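Hello,

Here is the structure you asked for. My notes on it follow below.

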Amino acid sequence: MAQVDSEMMKRSQELRNDPMVHYNCAQGVFIPFAEKKGLTFDQANAITANFGGGMRVGSTCGAITGGLMALGFYGVDDPRDAADFIRRMKEKHGDRINCRDLLREEVHSQAEKKPHCDNMVYEAVEIVEDMLKERHVEV
């Protein structure tokens with residue numbers, strides 16, 4: 001896995017730990033990669049606004065959609081690449097990718113929700129970094 005102290009990871013952690021604003025899981029994954037490639041913070045923030053909370057309806061986890069956006073933004077857009085990213089995320093969570101299912105199975109109190117979601121974001125950032133490195137894509 002990617003180093004925990006990577007530039008992308010540090011930026012993701014800054015976003016997720018901001019006490020003034022709740023950045024959703026998709027924002028926590030996508031914004032660091034988007035900023036590095038030249039999108040403004042406001043652009044990246046707006047693009048991902050509706051992808052938190054499983055696209056606001058408990059569907060596909062925002063960390064997963066944010067990761068797929070980041071990969072696509074860097075040109076890693078073959079359907080096999082998307083399948084590989086999703087497979088790697090599923091392996092860590094009992095084959096679950098939907099927000100509602102992840103929270104139902106892995107979170108047993110409201111207090112446990114933020115750490116669980118933060119971990120999903122950080123796992124996605126690591127996997128995106130790994131996949132970009134494996135495909136010789138510079139971040």
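Arg-88 is in contact (heavy atoms within 4.5 Å) with Ile-127, Asp-130, Met-131, Glu-134 and Arg-135, leaving aside its neighbours within four places in sequence. Arg-88 lies in helix H6, residues 79-92; helices here are DSSP runs of H or I with at least four residues, numbered from the N terminus. Arg-88 is buried, with a relative accessible area of 17%. Buried means under 20%, exposed over 50%, and partly exposed in between, using a 1.4 Å probe and protein chains only.

Please keep in mind that this is a predicted model, in which local features need pLDDT of at least 70, side-chain atom pairs count only at pLDDT 80 or more, and totals for chains, interfaces and linings use all residues. Residues are numbered from 1 along each chain as its sequence is written, and side-chain values use heavy atoms, with hydrogens and water left out.

Ile-86 also lies in H6, but Ile-86 is partly exposed, at 22% relative accessible area.

Helices H5 (residues 62-73) and H6 pack with their axes 10 Å apart, at an angle of about 150 degrees. The axes are lines fitted to C-alpha atoms, for helices over the stretch in contact, and angles run from 0 to 180 degrees between N-to-C directions. Ala-63, Ile-64, Gly-67, Leu-68 and Leu-71 of H5 meet Ala-82, Phe-85, Ile-86 and Met-89 of H6. By class, this contact of H5 with H6 has eight nonpolar residues, one polar and no charged. Ala, Val, Leu, Ile, Met, Phe, Trp, Tyr, Cys and Pro count as nonpolar, Asp, Glu, Lys and Arg as charged, and the others, Gly among them, as polar.

The axes of H1 (residues 7-16) and H8 come within 10 Å and cross at roughly 160 degrees, so H1 and H8 are roughly antiparallel as well. The residues of their contact divide into six nonpolar, two polar and five charged.

Finally, which residues of H7 (residues 99-106) are buried? They are Cys-99, Leu-102 and Leu-103. These residues are on the same side of H7, because they cover an arc of only 95 degrees around the axis, taken from the directions from the helix axis to the C-beta atoms. The buried residues of H7 pack against H4 (52-58) and H8 (113-134).

Regards

Definitions and conventions. Helices (H or I, at least four residues) and strands (E, at least two) are DSSP runs, numbered from the N terminus. Angles under 35 degrees count as roughly parallel, over 145 as roughly antiparallel, 65 to 115 as roughly perpendicular and the rest as oblique.
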